[in-house]
Amino acid sequence: MKEASAKPIVGVGRFTNPDTMAAAIRSGKLDIIGAARPSIADPFLPKKIEEGRYDEIRECVGNNICIAKALHRGHIGCTQNATAGEEFRRHWHPERFERASNSDRDVLVVGAGPAGMECAIVLGKRGMRRVHLVEAQTEIGGILRWVPRLPGLGEWARILNYRAIQLGKLPNVEVITGLRLDADGVMGYGAEIVVIATGARWAGDGVSNMTHAPIDGADSSLPHVLTPEQVMIEGKRPPGPRVVVYDAEGYFMGAGLAETLHAEGYNVELVTPLPQVAQFCEFTREIVMLRRSLHELGIAMTRAVKLTSIEPSLLHGVDEWDDPVQRDADAVVLVTHRLSNEQLYFDLVANEERLDVAGIEGTYRIGDCVAPRLIADVIFDGHRLGREIDSGDPAVPLPYRRESFVIPEPATLALESAREGRSPGNAADR
(Lines give C-alpha, C1' and ligand atoms only; values in the text may rest on other atoms or scores of the structure.)
Protein backbone atom coordinates (compact mmCIF):
# COMPACT_ATOMS: atom_id res chain seq x y z
CA MET A 1 0.00 0.00 0.00
CA LYS A 2 2.87 2.39 0.79
CA GLU A 3 4.26 1.80 -2.71
CA ALA A 4 0.89 2.55 -4.32
CA SER A 5 -0.10 5.68 -2.41
CA ALA A 6 1.33 8.56 -0.42
CA LYS A 7 -1.87 8.76 1.61
CA PRO A 8 -1.81 7.72 5.28
CA ILE A 9 -2.50 3.98 5.67
CA VAL A 10 -5.13 2.87 8.17
CA GLY A 11 -4.98 -0.70 9.46
CA VAL A 12 -8.05 -2.46 10.89
CA GLY A 13 -8.74 -5.94 12.27
CA ARG A 14 -8.35 -7.17 15.85
CA PHE A 15 -5.83 -4.57 16.97
CA THR A 16 -6.53 -4.75 20.72
CA ASN A 17 -3.13 -4.95 22.42
CA PRO A 18 -1.30 -1.62 22.92
CA ASP A 19 2.10 -3.20 22.25
CA THR A 20 0.89 -4.64 18.93
CA MET A 21 -0.56 -1.27 17.96
CA ALA A 22 2.63 0.60 18.80
CA ALA A 23 4.77 -1.96 16.97
CA ALA A 24 2.64 -1.62 13.82
CA ILE A 25 3.04 2.18 13.85
CA ARG A 26 6.76 2.12 14.63
CA SER A 27 7.35 -0.36 11.81
CA GLY A 28 6.19 2.27 9.33
CA LYS A 29 3.71 -0.15 7.73
CA LEU A 30 0.74 1.67 9.23
CA ASP A 31 0.11 5.32 10.06
CA ILE A 32 -3.22 4.95 11.87
CA ILE A 33 -4.81 2.10 13.83
CA GLY A 34 -8.54 1.65 13.32
CA ALA A 35 -10.07 0.19 16.48
CA ALA A 36 -13.87 0.28 16.52
CA ARG A 37 -14.75 -2.57 18.87
CA PRO A 38 -11.73 -1.90 21.14
CA SER A 39 -13.00 1.68 21.49
CA ILE A 40 -16.40 0.37 22.58
CA ALA A 41 -14.68 -1.79 25.20
CA ASP A 42 -12.60 1.19 26.34
CA PRO A 43 -13.42 4.68 24.98
CA PHE A 44 -10.23 6.04 26.57
CA LEU A 45 -7.94 3.51 24.91
CA PRO A 46 -5.68 6.09 23.13
CA LYS A 47 -5.33 8.19 26.28
CA LYS A 48 -4.39 5.19 28.42
CA ILE A 49 -1.80 4.10 25.86
CA GLU A 50 -0.39 7.62 25.73
CA GLU A 51 -0.12 7.76 29.52
CA GLY A 52 1.21 4.22 29.89
CA ARG A 53 -1.80 3.01 31.89
CA TYR A 54 -1.90 -0.37 30.20
CA ASP A 55 -3.26 -2.22 33.24
CA GLU A 56 -6.39 -0.06 33.15
CA ILE A 57 -7.32 -0.91 29.56
CA ARG A 58 -10.47 -2.98 29.11
CA GLU A 59 -9.15 -4.98 26.19
CA CYS A 60 -11.75 -6.07 23.63
CA VAL A 61 -12.44 -9.83 23.61
CA GLY A 62 -13.97 -9.81 20.12
CA ASN A 63 -17.11 -11.78 21.00
CA ASN A 64 -19.27 -9.32 19.03
CA ILE A 65 -21.86 -8.88 21.75
CA CYS A 66 -21.84 -5.22 20.71
CA ILE A 67 -23.14 -6.30 17.31
CA ALA A 68 -25.50 -8.94 18.70
CA LYS A 69 -27.17 -6.53 21.10
CA ALA A 70 -27.54 -3.88 18.41
CA LEU A 71 -29.13 -6.40 16.03
CA HIS A 72 -31.09 -8.48 18.53
CA ARG A 73 -32.11 -5.85 21.08
CA GLY A 74 -31.81 -2.57 19.24
CA HIS A 75 -29.29 -1.14 21.71
CA ILE A 76 -25.52 -1.52 21.75
CA GLY A 77 -23.72 -3.16 24.65
CA CYS A 78 -20.34 -4.65 25.54
CA THR A 79 -19.09 -7.56 27.63
CA GLN A 80 -16.07 -5.67 28.92
CA ASN A 81 -17.70 -2.24 29.28
CA ALA A 82 -21.09 -2.22 30.97
CA THR A 83 -21.43 1.53 30.38
CA ALA A 84 -21.41 1.18 26.56
CA GLY A 85 -24.64 2.68 25.25
CA GLU A 86 -25.64 3.88 28.72
CA GLU A 87 -23.72 7.18 28.78
CA PHE A 88 -26.75 9.27 27.83
CA ARG A 89 -29.72 7.36 29.10
CA ARG A 90 -28.30 6.32 32.50
CA HIS A 91 -25.63 9.05 32.89
CA TRP A 92 -22.93 6.39 33.32
CA HIS A 93 -19.39 7.54 32.63
CA PRO A 94 -16.93 4.67 32.04
CA GLU A 95 -14.30 6.16 34.33
CA ARG A 96 -16.20 8.27 36.86
CA PHE A 97 -18.02 7.04 39.94
CA GLU A 98 -19.80 9.23 42.47
CA ARG A 99 -19.33 8.45 46.13
CA ALA A 100 -22.36 6.50 47.38
CA SER A 101 -24.59 8.24 49.91
CA ASN A 102 -24.44 5.08 52.04
CA SER A 103 -20.68 4.66 51.68
CA ASP A 104 -20.32 4.22 55.45
CA ARG A 105 -21.68 0.67 55.04
CA ASP A 106 -19.84 -2.64 54.72
CA VAL A 107 -20.83 -4.87 51.78
CA LEU A 108 -20.51 -8.64 51.47
CA VAL A 109 -20.57 -9.98 47.91
CA VAL A 110 -20.94 -13.77 47.83
CA GLY A 111 -19.60 -15.26 44.61
CA ALA A 112 -16.67 -13.97 42.53
CA GLY A 113 -17.95 -14.76 39.07
CA PRO A 114 -18.43 -12.09 36.37
CA ALA A 115 -21.36 -10.39 38.15
CA GLY A 116 -19.80 -10.50 41.63
CA MET A 117 -16.42 -9.19 40.46
CA GLU A 118 -17.99 -6.31 38.53
CA CYS A 119 -20.26 -5.35 41.41
CA ALA A 120 -17.40 -5.39 43.92
CA ILE A 121 -15.29 -3.15 41.66
CA VAL A 122 -18.06 -0.58 41.23
CA LEU A 123 -18.85 -0.62 44.95
CA GLY A 124 -15.17 -0.12 45.69
CA LYS A 125 -14.93 2.81 43.28
CA ARG A 126 -18.05 4.33 44.83
CA GLY A 127 -16.23 4.48 48.16
CA MET A 128 -18.06 1.88 50.25
CA ARG A 129 -16.28 1.53 53.58
CA ARG A 130 -15.40 -2.14 53.15
CA VAL A 131 -16.30 -4.58 50.37
CA HIS A 132 -15.60 -8.26 50.91
CA LEU A 133 -15.80 -10.44 47.79
CA VAL A 134 -16.06 -14.02 49.06
CA GLU A 135 -15.60 -17.02 46.74
CA ALA A 136 -16.12 -20.67 47.67
CA GLN A 137 -13.53 -21.90 45.16
CA THR A 138 -9.79 -21.35 45.49
CA GLU A 139 -9.77 -18.98 42.52
CA ILE A 140 -12.05 -16.14 41.42
CA GLY A 141 -13.76 -16.00 38.05
CA GLY A 142 -16.73 -18.34 38.19
CA ILE A 143 -17.50 -19.59 34.68
CA LEU A 144 -14.57 -17.53 33.39
CA ARG A 145 -12.17 -19.95 35.08
CA TRP A 146 -12.84 -22.50 32.36
CA VAL A 147 -14.77 -21.03 29.42
CA PRO A 148 -11.59 -19.45 27.93
CA ARG A 149 -10.15 -22.96 27.65
CA LEU A 150 -12.71 -23.82 24.97
CA PRO A 151 -11.24 -23.70 21.43
CA GLY A 152 -11.08 -20.16 20.05
CA LEU A 153 -12.14 -18.44 23.28
CA GLY A 154 -8.72 -17.69 24.78
CA GLU A 155 -9.28 -13.93 24.47
CA TRP A 156 -12.26 -14.23 26.83
CA ALA A 157 -9.74 -14.64 29.66
CA ARG A 158 -9.31 -10.87 29.41
CA ILE A 159 -12.72 -10.47 31.07
CA LEU A 160 -11.35 -12.10 34.22
CA ASN A 161 -7.82 -10.71 33.99
CA TYR A 162 -8.97 -7.09 33.78
CA ARG A 163 -11.24 -7.44 36.79
CA ALA A 164 -8.66 -9.29 38.86
CA ILE A 165 -6.24 -6.40 38.31
CA GLN A 166 -8.84 -3.77 39.23
CA LEU A 167 -9.86 -5.62 42.39
CA GLY A 168 -6.25 -5.67 43.51
CA LYS A 169 -5.96 -1.90 43.11
CA LEU A 170 -8.90 -0.99 45.35
CA PRO A 171 -7.83 -0.57 49.01
CA ASN A 172 -11.39 -0.89 50.34
CA VAL A 173 -12.04 -4.20 48.53
CA GLU A 174 -10.81 -7.52 49.91
CA VAL A 175 -11.04 -10.78 47.96
CA ILE A 176 -11.40 -13.94 50.05
CA THR A 177 -11.25 -17.33 48.32
CA GLY A 178 -11.86 -20.87 49.57
CA LEU A 179 -14.67 -19.79 51.90
CA ARG A 180 -18.16 -21.21 51.38
CA LEU A 181 -20.81 -19.27 53.25
CA ASP A 182 -24.24 -20.57 54.21
CA ALA A 183 -27.10 -18.44 55.53
CA ASP A 184 -25.72 -18.52 59.09
CA GLY A 185 -22.30 -17.49 57.85
CA VAL A 186 -23.76 -14.54 55.94
CA MET A 187 -25.91 -13.51 58.90
CA GLY A 188 -22.93 -13.46 61.21
CA TYR A 189 -20.49 -11.82 58.80
CA GLY A 190 -21.16 -8.28 59.99
CA ALA A 191 -22.00 -6.55 56.71
CA GLU A 192 -24.95 -4.18 56.41
CA ILE A 193 -25.46 -4.92 52.70
CA VAL A 194 -25.36 -8.41 51.17
CA VAL A 195 -25.14 -9.20 47.46
CA ILE A 196 -25.60 -12.81 46.35
CA ALA A 197 -23.84 -13.65 43.07
CA THR A 198 -23.64 -17.45 43.24
CA GLY A 199 -24.10 -18.07 39.52
CA ALA A 200 -25.73 -21.06 37.85
CA ARG A 201 -25.04 -24.66 36.88
CA TRP A 202 -25.87 -26.78 33.85
CA ALA A 203 -28.88 -29.09 34.23
CA GLY A 204 -27.97 -32.77 34.43
CA ASP A 205 -31.41 -34.06 33.49
CA GLY A 206 -31.75 -32.50 30.04
CA VAL A 207 -34.41 -29.95 30.94
CA SER A 208 -34.40 -27.04 28.50
CA ASN A 209 -36.55 -24.25 27.16
CA MET A 210 -37.32 -26.55 24.23
CA THR A 211 -38.97 -29.28 26.31
CA HIS A 212 -39.56 -27.70 29.76
CA ALA A 213 -39.15 -31.21 31.18
CA PRO A 214 -36.31 -33.66 31.80
CA ILE A 215 -35.29 -36.08 29.06
CA ASP A 216 -36.14 -39.68 29.86
CA GLY A 217 -32.96 -41.43 31.03
CA ALA A 218 -30.95 -38.21 31.40
CA ASP A 219 -28.96 -38.38 34.64
CA SER A 220 -25.50 -36.85 34.82
CA SER A 221 -24.55 -39.17 37.69
CA LEU A 222 -24.41 -41.95 35.07
CA PRO A 223 -21.14 -42.53 33.19
CA HIS A 224 -22.69 -41.99 29.74
CA VAL A 225 -24.41 -38.65 30.54
CA LEU A 226 -22.22 -35.55 30.97
CA THR A 227 -22.62 -31.82 31.59
CA PRO A 228 -20.26 -29.01 30.49
CA GLU A 229 -18.87 -28.58 34.01
CA GLN A 230 -18.17 -32.30 34.30
CA VAL A 231 -16.19 -32.22 31.06
CA MET A 232 -14.32 -28.95 31.63
CA ILE A 233 -13.87 -28.86 35.43
CA GLU A 234 -14.18 -32.40 36.75
CA GLY A 235 -12.46 -34.13 33.84
CA LYS A 236 -15.25 -36.65 33.32
CA ARG A 237 -14.99 -38.31 29.91
CA PRO A 238 -17.29 -40.45 27.74
CA PRO A 239 -16.94 -44.23 28.29
CA GLY A 240 -16.65 -44.86 24.54
CA PRO A 241 -15.58 -43.17 21.29
CA ARG A 242 -19.02 -42.18 19.92
CA VAL A 243 -20.28 -38.94 21.47
CA VAL A 244 -23.29 -36.74 20.81
CA VAL A 245 -23.20 -33.16 22.07
CA TYR A 246 -26.84 -32.16 22.45
CA ASP A 247 -27.01 -28.37 22.19
CA ALA A 248 -30.31 -26.76 23.13
CA GLU A 249 -28.62 -23.47 24.04
CA GLY A 250 -27.41 -22.52 20.57
CA TYR A 251 -24.40 -20.39 21.44
CA PHE A 252 -20.69 -21.17 21.96
CA MET A 253 -20.86 -23.98 24.54
CA GLY A 254 -22.09 -26.85 22.37
CA ALA A 255 -19.66 -26.14 19.54
CA GLY A 256 -16.79 -25.55 21.96
CA LEU A 257 -17.34 -28.88 23.71
CA ALA A 258 -17.68 -30.68 20.37
CA GLU A 259 -14.31 -29.30 19.26
CA THR A 260 -12.73 -30.09 22.64
CA LEU A 261 -13.79 -33.75 22.56
CA HIS A 262 -12.95 -34.09 18.86
CA ALA A 263 -9.42 -32.89 19.61
CA GLU A 264 -9.14 -35.69 22.18
CA GLY A 265 -9.97 -38.30 19.57
CA TYR A 266 -13.70 -38.82 20.07
CA ASN A 267 -16.08 -39.27 17.15
CA VAL A 268 -18.39 -36.33 17.79
CA GLU A 269 -21.75 -35.31 16.38
CA LEU A 270 -23.38 -32.01 17.34
CA VAL A 271 -27.17 -32.35 17.52
CA THR A 272 -29.47 -29.41 18.17
CA PRO A 273 -33.26 -29.05 18.43
CA LEU A 274 -32.91 -25.52 17.06
CA PRO A 275 -33.46 -24.62 13.39
CA GLN A 276 -29.74 -23.87 13.01
CA VAL A 277 -26.53 -25.05 14.63
CA ALA A 278 -25.21 -22.36 17.03
CA GLN A 279 -28.22 -20.21 16.18
CA PHE A 280 -27.34 -17.25 18.43
CA CYS A 281 -24.03 -16.88 16.58
CA GLU A 282 -26.02 -15.43 13.71
CA PHE A 283 -26.33 -12.28 15.80
CA THR A 284 -22.60 -12.25 16.61
CA ARG A 285 -21.83 -12.89 12.90
CA GLU A 286 -19.78 -15.96 13.76
CA ILE A 287 -22.21 -18.59 12.53
CA VAL A 288 -20.78 -19.19 9.05
CA MET A 289 -17.18 -19.36 10.28
CA LEU A 290 -18.15 -21.59 13.20
CA ARG A 291 -20.09 -24.14 11.17
CA ARG A 292 -17.42 -24.19 8.48
CA SER A 293 -14.81 -24.89 11.16
CA LEU A 294 -16.88 -27.77 12.57
CA HIS A 295 -17.38 -29.17 9.06
CA GLU A 296 -13.67 -29.00 8.23
CA LEU A 297 -12.86 -30.83 11.45
CA GLY A 298 -15.22 -33.62 10.46
CA ILE A 299 -17.73 -32.98 13.24
CA ALA A 300 -21.17 -34.02 12.00
CA MET A 301 -24.00 -31.53 12.57
CA THR A 302 -27.70 -32.31 12.80
CA ARG A 303 -30.33 -29.60 13.23
CA ALA A 304 -33.99 -29.68 14.33
CA VAL A 305 -33.77 -32.97 16.25
CA LYS A 306 -35.14 -33.13 19.79
CA LEU A 307 -33.91 -35.86 22.13
CA THR A 308 -36.69 -37.78 23.86
CA SER A 309 -34.81 -40.52 25.71
CA ILE A 310 -31.28 -41.67 26.51
CA GLU A 311 -30.01 -45.24 26.85
CA PRO A 312 -26.42 -46.30 27.61
CA SER A 313 -25.59 -46.81 23.92
CA LEU A 314 -28.62 -45.45 22.07
CA LEU A 315 -30.32 -42.06 21.79
CA HIS A 316 -33.93 -41.57 20.71
CA GLY A 317 -35.42 -38.39 19.32
CA VAL A 318 -37.76 -36.82 16.81
CA ASP A 319 -37.08 -34.46 13.94
CA GLU A 320 -39.01 -31.32 13.06
CA TRP A 321 -41.72 -33.46 11.43
CA ASP A 322 -42.00 -35.66 14.56
CA ASP A 323 -40.47 -38.58 12.68
CA PRO A 324 -38.34 -40.84 14.91
CA VAL A 325 -34.55 -40.46 14.94
CA GLN A 326 -31.98 -42.73 16.56
CA ARG A 327 -28.25 -42.43 17.18
CA ASP A 328 -25.79 -45.04 18.35
CA ALA A 329 -23.75 -43.22 20.97
CA ASP A 330 -21.57 -44.19 23.91
CA ALA A 331 -22.27 -40.89 25.63
CA VAL A 332 -24.22 -37.66 25.38
CA VAL A 333 -23.12 -34.22 26.63
CA LEU A 334 -26.14 -32.18 27.68
CA VAL A 335 -25.87 -28.49 26.81
CA THR A 336 -29.49 -27.81 27.62
CA HIS A 337 -30.40 -25.39 30.39
CA ARG A 338 -28.68 -23.64 33.28
CA LEU A 339 -30.24 -23.54 36.73
CA SER A 340 -29.67 -20.62 39.09
CA ASN A 341 -27.79 -21.31 42.33
CA GLU A 342 -30.37 -19.32 44.24
CA GLN A 343 -30.93 -21.29 47.44
CA LEU A 344 -28.66 -19.14 49.59
CA TYR A 345 -30.55 -16.01 48.57
CA PHE A 346 -33.92 -17.56 49.39
CA ASP A 347 -32.62 -18.92 52.71
CA LEU A 348 -31.63 -15.37 53.64
CA VAL A 349 -34.76 -13.50 52.60
CA ALA A 350 -37.04 -16.13 54.12
CA ASN A 351 -36.41 -14.72 57.58
CA GLU A 352 -36.62 -10.93 57.70
CA GLU A 353 -36.44 -10.87 61.49
CA ARG A 354 -33.07 -12.62 61.48
CA LEU A 355 -31.82 -10.16 58.86
CA ASP A 356 -32.87 -7.27 61.10
CA VAL A 357 -31.18 -8.80 64.14
CA ALA A 358 -28.02 -9.35 62.07
CA GLY A 359 -28.06 -5.69 61.05
CA ILE A 360 -28.46 -6.49 57.36
CA GLU A 361 -30.22 -3.56 55.72
CA GLY A 362 -30.44 -4.93 52.20
CA THR A 363 -30.10 -8.34 50.54
CA TYR A 364 -29.84 -8.47 46.75
CA ARG A 365 -28.96 -11.00 44.07
CA ILE A 366 -27.36 -10.43 40.70
CA GLY A 367 -26.24 -12.23 37.58
CA ASP A 368 -26.95 -15.87 36.79
CA CYS A 369 -28.26 -16.27 40.35
CA VAL A 370 -31.29 -14.28 39.15
CA ALA A 371 -31.53 -15.86 35.70
CA PRO A 372 -28.85 -17.53 33.54
CA ARG A 373 -27.89 -15.34 30.59
CA LEU A 374 -25.03 -13.87 28.55
CA ILE A 375 -21.80 -13.01 30.35
CA ALA A 376 -22.30 -9.44 29.15
CA ASP A 377 -25.71 -9.34 30.80
CA VAL A 378 -24.54 -10.61 34.19
CA ILE A 379 -21.67 -8.10 34.18
CA PHE A 380 -24.18 -5.36 33.38
CA ASP A 381 -26.39 -6.59 36.23
CA GLY A 382 -23.55 -6.40 38.73
CA HIS A 383 -22.47 -2.99 37.45
CA ARG A 384 -26.00 -1.60 37.66
CA LEU A 385 -26.49 -2.70 41.26
CA GLY A 386 -23.19 -1.13 42.22
CA ARG A 387 -24.15 2.14 40.50
CA GLU A 388 -27.54 2.18 42.24
CA ILE A 389 -26.67 0.72 45.64
CA ASP A 390 -27.84 3.93 47.33
CA SER A 391 -31.14 4.27 45.44
CA GLY A 392 -34.53 3.84 47.10
CA ASP A 393 -34.65 0.16 46.11
CA PRO A 394 -31.43 -1.08 44.49
CA ALA A 395 -33.16 -4.33 43.46
CA VAL A 396 -35.25 -2.35 40.96
CA PRO A 397 -33.37 -0.54 38.17
CA LEU A 398 -33.83 3.21 38.06
CA PRO A 399 -35.73 4.53 35.03
CA TYR A 400 -33.58 5.78 32.19
CA ARG A 401 -33.98 8.63 29.71
CA ARG A 402 -35.53 7.86 26.36
CA GLU A 403 -33.29 8.28 23.36
CA SER A 404 -36.21 8.73 20.97
CA PHE A 405 -39.28 10.94 21.17
CA VAL A 406 -42.60 9.17 21.57
CA ILE A 407 -45.20 10.52 19.14
CA PRO A 408 -48.56 10.66 20.93
CA GLU A 409 -51.91 9.90 19.31
CA PRO A 410 -53.69 12.88 17.63
CA ALA A 411 -56.35 12.93 20.35
CA THR A 412 -53.63 13.23 23.00
CA LEU A 413 -51.98 16.04 21.04
CA ALA A 414 -55.27 17.93 20.85
CA LEU A 415 -55.89 17.50 24.58
CA GLU A 416 -52.41 18.70 25.50
CA SER A 417 -52.71 21.65 23.13
CA ALA A 418 -56.05 22.65 24.62
CA ARG A 419 -54.61 22.54 28.14
CA GLU A 420 -51.72 24.79 27.10
CA GLY A 421 -53.87 27.18 25.07
CA ARG A 422 -52.30 26.16 21.75
CA SER A 423 -53.93 25.27 18.48
CA PRO A 424 -53.20 21.64 17.49
CA GLY A 425 -53.28 22.72 13.82
CA ASN A 426 -50.58 25.37 14.19
CA ALA A 427 -47.48 24.45 12.16
CA ALA A 428 -45.13 25.94 14.74
CA ASP A 429 -46.77 23.86 17.48
CA ARG A 430 -46.36 20.71 15.38
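Axes are lines fitted to C-alpha atoms, for helices over the stretch in contact, and angles between N-to-C directions run from 0 to 180 degrees. The model is predicted, so local features need pLDDT of at least 70 and side-chain atom pairs count only at pLDDT 80 or more, while totals for chains, interfaces and linings use all residues. Residues are numbered from 1 along each chain as its sequence is written, and side-chain values use heavy atoms, with hydrogens and water left out.

**Exercise 1. Describe how helix 5 packs on helix 13.**

Step 1. Helices here are DSSP runs of H or I with at least four residues, strands are runs of E with at least two, and both are numbered from the N terminus. Helix 5 covers residues 114-125, and helix 13 covers residues 375-387.

Step 2. Two packed helices are described by the angle between their axes and the distance between the axes. For helix 5 and helix 13, the axes come within 7 Å and cross at roughly 30°.

Step 3. This angle makes helix 5 roughly parallel to helix 13, because angles under 35 degrees count as roughly parallel, over 145 as roughly antiparallel, 65 to 115 as roughly perpendicular and the rest as oblique.

Step 4. The crossing of the two helices is right-handed. A crossing has this hand if the near helix is turned clockwise from the far one by less than a right angle, and is left-handed if the turn is anticlockwise.

Step 5. Contact means heavy atoms within 4.5 Å. From helix 5, Pro114, Ala115, Glu118, Cys119, Val122 and Leu123 take part, and they meet Ile375, Val378, Ile379, Gly382, His383, Leu385, Gly386 and Arg387 of helix 13.

Step 6. Sorted by class, this contact has 9 nonpolar, 3 polar and 2 charged residues. Ala, Val, Leu, Ile, Met, Phe, Trp, Tyr, Cys and Pro count as nonpolar, Asp, Glu, Lys and Arg as charged, and the others, Gly among them, as polar.

**Exercise 2. Check the length of helix 13 and state how many of its residues are buried.**

Step 1. The expected span of a helix is 1.5 Å times one less than its number of residues. The 13 residues of helix 13 should therefore span 18 Å, and the end C-alpha atoms are 18 Å apart, which agrees.

Step 2. Buried means under 20% relative accessible area, exposed over 50%, and partly exposed in between (1.4 Å probe, protein chains only). In helix 13, 13 of the 13 residues are buried, so the helix is largely enclosed by the rest of the structure.

**Exercise 3. Describe the packing of helix 9 and helix 10.**

Step 1. Helix 9 spans residues 252-263 and helix 10 spans residues 287-297; their axes are 11 Å apart, at an angle of about 20°. Helix 9 is therefore roughly parallel to helix 10.

Step 2. Helix 9 passes helix 10 in a left-handed crossing. Ala255, Glu259 and His262 of helix 9 meet Leu290, Ser293, Leu294 and Leu297 of helix 10. The classes in this contact are 4 nonpolar, 2 polar and 1 charged residues.

Step 3. Threonine 260 also lies in helix 9, and is buried at a relative accessible area of 12%. Leaving aside neighbours within four places in sequence, threonine 260 contacts Leu150, Pro151 and Met232. Arginine 149 is 111 residues from threonine 260 in sequence, with 9.1 Å between their C-alpha atoms.

**Exercise 4. Find the phi values of arginine 285 and aspartate 322, and say whether each residue is buried or exposed.**

Step 1. Most residues other than glycine have a negative phi. Arginine 285 has a positive phi, near 60°, and the phi of aspartate 322 is positive too, near 65°.

Step 2. Arginine 285 sits in the loop between strand 10 (267-271) and helix 10, and is exposed with a relative accessible area of 60%. Aspartate 322 sits in the loop between strand 13 (314-319) and strand 14 (324-328), and is exposed at 61%.
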